[in-house]
Amino acid sequence: MTNLLPFTQLYINGEFKASAQNSVFDIRNPHTGQVTGQSASATSQDCRDAIDAAHRALPSWESTDISSRQAILLKAADILQSSWLQKCIEINTAETGATPDLGTLNWFAGSNILRTVAGMSAQLKEESFSSATGGQVVVKKRAVGVVLSIVPWNAPVALAVRAVAVAIFCGNTVVLKASEYSPRSHALVSELFHEAGLPKGVFNFVAMSKETTPSLVSEMIGNPKIRLVNFTGGATVAKALAAEAAKYLKPCIFELGGKNPSIVLNDADVEAAAKSITYGAMFNAGQVCVSTERVIVQRDVSKALITAVVELCKKLTAGDPTQNPLPALFSQASAENVIRLIQDAVNSGAELLLGDLSKDGSTVQPHLLTSVTSEMPIWKRETFGPVTVFVVCDTVDEAIELANDTEYSLAAALWTQDIAKGKEVADRIYSGFTNINGSTIHGEPSIGPFGLGGSSGYGRFDVDHFTQKRVCVIHAPGMKYPMIESLSAK
């Protein structure tokens, strides 16, 4: 029966292919535990072949005019938007146990990112100004080179598109390394660009088993043809990647996790804030880097807000994604970690408002806690589960201090009906994104969520980070060179 399962191929130099050694690995649905597909598991030779193909394609692609690159991205967006919705939903659910809502979001966000990036042509224009020597200076944004992109499982299509779209538009070539949990979803990007007519070698795709990933990724980073690494995922893996890249002084772009706060001030619309917080904390069972993990609420509205969120969360259940609004977590190990963090907090004095500290395989039901302190691990560490904690404060200054008491800096939300005050408070929140009267789960397509350092990462998926400024100085005639002039005088 295994050979009847969907099989994910590698995509190297414009061709879909099996591994050089025909090695494979299984993909299991986290809710059922059943094998739902198989993927080719790349070898060292496959990885080298992918990098070599990208390197060969680089000179031609980098010299391609911007309008041609733009046309391919727009065609890919049209293909994705016109007929791929059901495909995105079905594959996403089969591999990661996601609900149809997440598959829909992947589909919509993927096409939106492609269109947004295609509109960035003005950012690639060259600059020209007079040189200090009287000549002319020309500054061009040119491709960095071959980019290694490493993507996660939790929003596989959208995050894979984001990882490669700007890079390709800027004239780079790419090797995309899939997550072992969602290779088939990531491979959709291979199909998309292939159908859109992207020249061979510009985009290459490899997947590999969990066991072989560490050594092969290290080898790929060390390959001298790789010039830039981008990664979306967790801080632990990012530290290992950064350490490896540092051996070769290679730059990295990291979009990592968040312990994202939602601050609710006394003048907030409590009903709207409660809905936003519930959505932000529970969407995809909290398995989103910009999930609402901490709620910091001023005392006057704390009882009303907490009661409203508890009542909303009571109506949410996790499990079978076709029957429940929340999915299971992506692995039993993740579920165990979430329960461990909650249990530790309760043992240290936190009050459990909702939840029973149990799990069923990889399924965890919504949990809400209050009386959490900043010394507890659940305050400090990203849970990546259907959990949020409440902290009550008295002043705005205290709320800001609590919000900034973290090594994460990805996203935040602020609730107030005084927009002028909201802007002033937002300026004091150390976060790449602060949403006033909106969910932490938001990122503008042209900017996206980004960290300001620490465990939320650094760098952005934008033109500036996927290009290098190269300067050409056209010198005026008649330049004088004092040392040479003095020789002529002798």
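Helix α1 passes helix α7 in a right-handed crossing. This is a predicted model. The axes of α1 (residues 44–62) and α7 (residues 213–222) come within 10 Å and cross at roughly 30°. That angle makes α1 roughly parallel to α7. On the α1 side, the contact is made by Ser 44, Cys 47, Arg 48 and Ile 51. On the α7 side, Leu 216, Glu 219 and Met 220 take part. By class, the contact of α1 with α7 has four nonpolar, one polar and two charged residues.

**Two further helix pairs**

Helix α2 and helix α6 form another packed pair. Their axes come within 9 Å and cross at roughly 120°. The two helices are therefore oblique to each other. α2 passes α6 in a right-handed crossing. From α2 come Ile 72, Leu 73, Lys 75, Ala 76, Ile 79 and Leu 80. They meet Leu 192, Phe 193, Glu 195 and Ala 196 of α6. By class, this contact of α2 with α6 has eight nonpolar, no polar and two charged residues.

Helix α3 and helix α4 pack at an angle of about 130°, with their axes 8 Å apart. α3 and α4 are therefore oblique to each other. The crossing of α3 and α4 is right-handed. α3 contributes Leu 85, Cys 88, Ile 89, Asn 92 and Thr 93 to the contact. α4 contributes Pro 100, Leu 102, Gly 103, Thr 104, Asn 106 and Trp 107. By class, the contact of α3 with α4 has six nonpolar, five polar and no charged residues.

The table sets out the geometry of each pair.

| Helix pair | Residues | Axis distance | Axis angle |
|---|---|---|---|
| α1 and α7 | 44–62 and 213–222 | within 10 Å | roughly 30° |
| α2 and α6 | 66–83 and 183–196 | within 9 Å | roughly 120° |
| α3 and α4 | 85–96 and 100–118 | 8 Å | about 130° |

**The seven-stranded sheet**

Seven strands form an open sheet in the order β17-β18-β19-β14-β13-β20-β21. The pairing is mixed. β17 (351–354) and β21 (433–436) stand at the edges. Each has a single partner strand, so one side of each is left without a neighbour in the sheet. The twist averages 20° from one strand to the next.

Within this sheet, β18 (residues 367–370) and β19 (residues 387–393) pair in the parallel sense over three bridges. Leu 369 has Val 389 in β19 as its bridge partner.

Helices also lie across these strands. Helix α9 (residues 270–282) lies across β13 (260–264), β14 (292–298), β18, β19 and β20 (411–415). Its direction is at about 155° to β14. Helix α13 (residues 396–403) lies across β13, β14 and β19. α13 runs at about 165° to β14.

**The three-stranded sheet**

An open sheet of three strands has the order β6-β7-β22. Its pairing is antiparallel. β6 (127–130) and β22 (467–474) stand at the edges. Each of these has a single partner strand, so one side of each is left without a neighbour in the sheet. Neighbouring strands of this sheet are turned by 20° against each other on average, direction ignored.

β6 and β7 (residues 136–143) pair in the antiparallel sense over four bridges. Ser 128 stands opposite Val 138 in β7. The hairpin of β6 and β7 has five residues between the strands. In this hairpin, Gly 134 takes a positive phi near 100°.

**Annotated span**

In UniProt, an unreviewed entry lists residues 19–466 as "domain: Aldehyde dehydrogenase". The end C-alpha atoms of that span lie 30 Å apart. Residues 19–466 are 41% helix and 20% strand.

How values were computed
Residues are numbered from 1 along each chain as its sequence is written. This is a predicted model: local features need pLDDT of at least 70, side-chain atom pairs count only at pLDDT 80 or more; totals for chains, interfaces and linings use all residues. Side-chain values use heavy atoms; hydrogens and water are left out. UniProt positions are given in the numbering used here, feature names are shortened, and annotations may be inferred rather than shown by experiment. Axes are lines fitted to C-alpha atoms, for helices over the stretch in contact, and angles run from 0 to 180 degrees between N-to-C directions. Angles under 35 degrees count as roughly parallel, over 145 as roughly antiparallel, 65 to 115 as roughly perpendicular and the rest as oblique. A crossing is left-handed if the near helix is turned anticlockwise from the far one by less than a right angle, and right-handed if clockwise. Contact means heavy atoms within 4.5 Å. Ala, Val, Leu, Ile, Met, Phe, Trp, Tyr, Cys and Pro count as nonpolar, Asp, Glu, Lys and Arg as charged, and the others, Gly among them, as polar. Two strands pair if DSSP finds at least two bridges between them.
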